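Here is a short report on one protein model.

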Amino acid sequence: MRTLVTSTLDVLLARVKKPLLPNMYVHQAVRQFVTVCLQKGDMNNSLQSRRKLVSFLCTLCYQLRDDPSLAGVFFDGAPPGEEVPEFKIFSALLSVIDNSDLLHANSDRPVDDSGGSDDDTQQEAKQQQQQQQQQQQHQEQQSEEQQEQATEQQQEEQQPEEQQSEQNDLKMISSRGMAINRKLTKQALHGMLCCAQLPSVDITQFIVSQTEFIDCMVDRLVLCYQQLPTTLPDAESETIPELGEDPLFDQFFSQLALLDVVAGTTYQFVGRAVAESMRKRFLDFVVSPALLHQKETRNRCATVYVRHMIERCESQHMHLAFGNFLLGDIENDREPETEDESGQHPMRVTLIRRLDSLSEQLSIATLGLFDTLLGLRDQRILTNLVLRNLQDCRHIDAESRDYYRKRFSRSWEQFNDVDARSLMECFEGLADFTQDESFDAYLVDAQGEEQLWIRAIEHWADDDDNSNNNDAGNDDVKRDLFNVGDAEDHDENNNNDDDNTNKDEFYYEGLFMNTLLNKVMTWFQNSFSINLRLTSVLSKLAYCPHPLLHSFMLDPRLPVDNSTRLLLPLLSQVWQKGRKKAMAMPKFEERLRQAKQRLNQADSHTLETMDNEKFLHGMVVFEEFLKELNAICSAKNNLKHIHAMQQSAIQYDMMAAATSNLSLGAGSIIAAGQTPARPERPQRQDEQDNDDDGDGGLP
């Protein structure tokens, strides 16, 4: 009888257009009915009653999502004599979660979490023994399966038709039961997601602190990840199956999307709880052994998976979880780096070292990971990788250091003055490509990307203002944000240090930037794919409008000491080497044009030697990268002028509004029959001196 009432209430609440639940008599009756159903154990009864009750509870969750004011009706405070509140709807749905719907035929695959503690010889011997044992077991299983299939076929031929139909019915019932369990689990997850997004602090704290909802979601993510293949299907590709192509990837990324939605809720403590659970139960426990695996195919596959996970997450707390896992404590670790790597985060050092790995595919995958991290436009990630080594301006010449500290303490609109002409002066003999169609495409992309970076910079200022409860103006916020400090403080505190600093002191740009600049120096020894990934990472850094990073990447006139390597001078050296080799190569222009055609057509057939082909590809990528840098400079200057015009328009509107207010005030005074008082002209200094004599200022 309760099953029939449950289905009836479910249909009424879901299909009646006029909301019934806000009625006091309705929601009180529904509350009592839910309490009775849970006390009678309908969730543990037959599959049909369980399915009806789950559907009814999910409908209630959807109703609460549409009208959050009714959430308090079903949420009980701490009962008498107890300190823990109750939210019976959520607790009942949480009991429905069954991870058996995630276990497939390949879930019995052992997960190799060995991090490389044994010797190589012992591991190779163990791996060979395991492979031999697996091959023998596989052969034995195949022979046993063949024998079982033959006997089953003989038995089926001998069995009557009635018994075969009974077995088929049992198989259909079991498969249908598994499908119903999966459907119930999905319904329960969506219902709990609606409850977790309710704008109620008490309910949200109950879900986070008094239930295992978040840990359950992360455990489901772990099960989904363990079913993914440990090697990529294509050894030369970093792509994964698209949505709908592979059910394993679909359920993993759908589970990750649910966690991302929960982490992006209104309350910050929910996101922090999700990030902490992700770090402890998934990243450190499952992903870390895969990234540090000895086999190159395993850790490369894990690197590609992590990159795709970061790309699909939108919550700042999820970004923080991945950033802390890969780079260390990105919120608090802001001290400049040293050449001693003993105190640095081991995962960070390992990943940066892989940028210059002997394995080209591993280097490409790791460059793609850092490209994705920089594409988040996160202040903490940029500070951890690059900015903390520039914040003290130690890379600038000691004589000009104070001037640039004062200059960099201003807002970003006042220093992005590097034009494309001054940039191209570093490359002698380079043809003008501003009329090229590809340059126009680069310029359009650069303008859109630069606007995204400026919005991100504004969010940095907002986050810094909210975290510090600072009510100062925009200039103060940006000064603290850029982390350059006040120029007066530098004058008082650092003059003695600057005087005692040796002009030949070695400046260390940090492990990440040092590795990138070393890859630039070996430009023509790199492969085409490496240079493509390298230029993508460098362009991400060049797009950033931060004053320190902008000058380091795009200002060729920045006065630096002898130990500092800037990007443009290094590119100029690479260009001079390439130009000399190009002048010595016969028919260089024709061979370069043919190399471009082969790249556009994806044609690997060539008569060039490997070194010449690599050099031609390097020249092609180099020219395209210079176009992109030129477009970035042009886009920054255009946005700077647009911002200046907007500021002048705002000032003009303010002056016009003030003038209109003055005129309106004078008109009201005249209408009242009064004469507006004329403001007195301020006296000059000579008039004040003459007026001191007591003669009214007469000569």
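## Salt bridges

A salt bridge is a side-chain nitrogen of Lys or Arg within 4 Å of a carboxyl oxygen of Asp or Glu. A search of the whole structure finds 20 of them. The model is predicted: local features need pLDDT of at least 70, side-chain atom pairs count only at pLDDT 80 or more, and totals for chains, interfaces and linings use all residues. Residues are numbered from 1 along each chain as its sequence is written, and side-chain values use heavy atoms, with hydrogens and water left out.

## A buried pair and its network

Arginine 348 and glutamate 337 form a salt bridge, with their closest N and O atoms 3.0 Å apart. Arginine 348 lies in helix H14 (residues 346-353), and glutamate 337 sits in the loop between helix H13 (316-327) and H14, so the pair ties together parts 11 residues apart in sequence. Helices (H or I, at least four residues) are DSSP runs, numbered from the N terminus.

Both arginine 348 and glutamate 337 are buried. Buried means under 20% relative accessible area, exposed over 50%, and partly exposed in between (1.4 Å probe, protein chains only). A network of salt bridges links Asp333, Glu337, Arg348 and Arg388.

## Links between H27 and H28

Glutamate 623 pairs with lysine 596 in a salt bridge, the closest N and O atoms being 3.6 Å apart. Glutamate 623 is in helix H28 (residues 610-671) and lysine 596 in helix H27 (residues 588-601), so the bridge ties together parts 27 residues apart in sequence. Glutamate 623 counts as buried, at 19% relative accessibility. Lysine 596 is partly exposed, at 30%.

Glutamate 613 and arginine 598 also meet in a salt bridge (3.1 Å, N to O). Glutamate 613 belongs to H28 and arginine 598 to H27, so this pair ties together parts 15 residues apart in sequence. Glutamate 613 is buried at 11% relative accessibility. Arginine 598 is buried too, with a relative accessible area of 11%.

## One face of H17

Which residues of helix H17 (residues 401-408) are buried? They are Arg401, Tyr404, Arg405, Arg407 and Phe408. Seen down the axis of H17, they fall within an arc of 165° (taken from the directions from the helix axis to the C-beta atoms), so they line one face of the helix.

## Start of the chain

Leucine 12 lies in helix H1 (residues 2-15). At 40% relative accessibility, leucine 12 counts as partly exposed.

Key: Helices (H or I, at least four residues) and strands (E, at least two) are DSSP runs, numbered from the N terminus.
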